[in-house]
Amino acid sequence: MSVDPQDLIEKMAWAAENDVRELLCKIGRTQVKIRRDTTHGAPSDPVSQPSVTLANIGTDAGDIKDDEARIAAPMAGLCHLKPDPESAPYLRVGDTVEAGQTLCVIEAMKVMTAVPAPHGGRVAAILVADGTSVTVGTPLARVV
């Protein structure tokens, strides 16, 4: 299975429109990471344009399908990956998590809501940065 360039362009446009800084997709045995650096200049600057990384990956997801592995934001708000600025993050790539374990917290209207792991497994990817504004359905992490 090959990667369709038009599909990548559409994903990059969607990511830019939704202020997504990093998007991770799996196409067959190829992993596509789209990352947009927003720390430098305006969106028209070349440095803030999306970059695409392709990598071949193994199949370590067991019986968990890709759509089950991807954990999405249940609500809109600010996504916090750690309890406070001085604390360690709730999880890191490679960590093992249990069903119900807190993956992150979404802050909306000064109310903090924990996002639990729907199933146990290994954290394959964290798809948002700490403090990212998310909408309902924004991919947060992959747990396989």
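Biologist: What makes β6 and strand β9 a pair?

Modeller: Two strands pair if DSSP finds at least two bridges between them. β6 and β9 (residues 121-126) have two bridges, in the antiparallel sense, so by that cut-off they count as paired. One spot to look at is Val97, whose bridge partner in β9 is Gly121. Bear in mind that this is a predicted model.

Biologist: And what makes β6 an edge strand?

Modeller: β6 (96-97) pairs on one side only, and so does β4 (70-72). The open sheet they belong to has four strands in the order β4-β11-β9-β6, with antiparallel pairing.

Biologist: Which strands make up the open sheet that contains β7?

Modeller: That one has the order β8-β7-β5-β10, four strands with antiparallel pairing. Its edge strands are β8 (111-116) and β10 (132-134), each pairing on one side only. From one strand to the next, the twist averages 35°.

Biologist: How do you know that β7 pairs with β8 and with β5?

Modeller: Count the bridges. Six of them join β7 (residues 102-108) to β8, and three join β7 to strand β5 (residues 77-80). The cut-off is at least two bridges, so both count as pairs. The β8 side has Ile106 opposite Thr113 and Ala108 opposite Val111.

Biologist: Why is β7 called largely enclosed?

Modeller: Five of its seven residues are buried, so the rest of the structure largely encloses the strand. For the chain, buried residues make up 33% of the 144 residues.

Biologist: Why is Thr132 called buried?

Modeller: Its relative accessibility is 5%. Buried means under 20%, so Thr132 qualifies. Thr132 lies in strand β10. Leaving aside residues up to four places away in sequence, Thr132 touches Arg21, Gly77, Leu78 and Cys79.

Biologist: What makes the approach of Thr132 to Ala129 a polar contact?

Modeller: A polar atom of the Thr132 side chain lies 2.6 Å from the backbone oxygen of Ala129. The limit is 3.5 Å, and 2.6 Å is within it.

Biologist: How many cavities of 30 Å³ or more does the structure hold?

Modeller: One. About 50 Å³ of space lies in the largest cavity.

Biologist: Which elements does the chain have overall?

Modeller: Two helices and eleven strands. From the N terminus on, they run α-β-β-β-α-β-β-β-β-β-β-β-β. As for contacts between residues at least 6 apart in sequence, 53% join residues at least 24 apart.

How values were computed:
Residues are numbered from 1 along each chain as its sequence is written. This is a predicted model: local features need pLDDT of at least 70, side-chain atom pairs count only at pLDDT 80 or more; totals for chains, interfaces and linings use all residues. Side-chain values use heavy atoms; hydrogens and water are left out. Axes are lines fitted to C-alpha atoms, for helices over the stretch in contact, and angles run from 0 to 180 degrees between N-to-C directions. Buried means under 20% relative accessible area, exposed over 50%, partly exposed in between (1.4 Å probe, protein chains only). A polar contact is a pair of N or O atoms within 3.5 Å; within protein, one must be able to donate a hydrogen and the other to accept it, and residues adjacent in sequence count only if both atoms are side-chain atoms. Contact means heavy atoms within 4.5 Å. On a 1 Å grid over the protein atoms alone, a cavity is a set of points where a 1.4 Å probe fits but cannot get out, and a pocket is an open set with protein on both sides within 12 Å along at least five of seven lines; lining residues have an atom within 4 Å of a point. Grid points are joined across faces, edges and corners, and a volume is the space filled by probe spheres set on the points.
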